[in-house]
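Reader: I am new to reading structures like this one. Could you walk me through a few features with me, one at a time?

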Amino acid sequence: MEEPLHRIRALHTVSTITVYQAYSPEIGLPAIRDGRFPAAWRPGRMTWIKPSFMWMMYRSGWGTKEGQETVLAVEITRDGFDWALRHACLSSYVRGLHPDRGTWQRDLKRAPARVQWDPERDLHLRPLPYRSLQLGLSGEASSRFADEWIVSISDVTPLAHEIHGLVMDGELDSATGLLPQEQGYPAGEEPPAHLRP
């Protein structure tokens, strides 16, 4: 089946969705231990969550880039994620979707969440011809994320390293078998109209 150009791909249950982030060990390890972010993680500032595991691998270099050595799977409530989508604005102006550039700029400034669509990645981290969502949370959305939406935080750094090792050894089928089973979110539906470029 052909992939739609814009799709939220995620590991999800009836009540939760898993998103990924990568941090330095100073933030990541206490978050894993306590199931919440430590004081060094400042709520209210912009934080990006990525439902696509492979996009997180691309962004963090399989958990090897400085400051991104600890890759977290953050399970959050679907209610929270859906709230963020409803209150989000596209991070770039789209003629025809927004009335004009000024209206978009005002909407973006007011929105507690913003959406970017970036090329999904294959196991070699090469861009694919379809895009996956990144969701930026700031202000109220960032605080709600940290204080209300988190169900669990787990360490997927060993998984990232294991998959990367298999890719380096040419064991692509084995690597694929370890990937999180991401599906369209919500099932069978397109992203909200105000977030489709």
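**A strand and its partners**

Author: Strands β2 (residues 9–12) and β3 run antiparallel and are joined by 2 bridges. Strands here are DSSP runs of E, at least two residues long, numbered from the N terminus, and two strands pair if DSSP finds at least two bridges between them. This is a predicted model, where local features need pLDDT of at least 70, side-chain atom pairs count only at pLDDT 80 or more, and totals for chains, interfaces and linings use all residues. Residues are numbered from 1 along each chain as its sequence is written, and side-chain values use heavy atoms, leaving out hydrogens and water.

Reader: Which residue of β3 is the bridge partner of His12?

Author: Ile17 is the partner. A hairpin of 3 residues links β2 to β3. β3 also pairs with strand β5 (residues 70–77), antiparallel over 8 bridges, and there Tyr20 stands opposite Ala73.

Reader: How many residues of β3 are buried?

Author: Buried means under 20% relative accessible area (1.4 Å probe, protein chains only). In β3 (residues 16–23), 8 of 8 residues are buried.

Reader: What about the faces of β3?

Author: In a regular strand, side chains alternate between the two faces of the sheet. In β3 both faces are covered: Thr16, Thr18, Tyr20 and Ala22 lie on one side, with Ile17, Val19, Gln21 and Tyr23 on the other.

Reader: Where is Asp118 found?

Author: Asp118 sits in strand β7 (residues 113–121). Leaving aside neighbours within four places in sequence, its contacts (heavy atoms within 4.5 Å) include Trp55 and Tyr130.

Terms used:
Helices (H or I, at least four residues) and strands (E, at least two) are DSSP runs, numbered from the N terminus. Buried means under 20% relative accessible area, exposed over 50%, partly exposed in between (1.4 Å probe, protein chains only).
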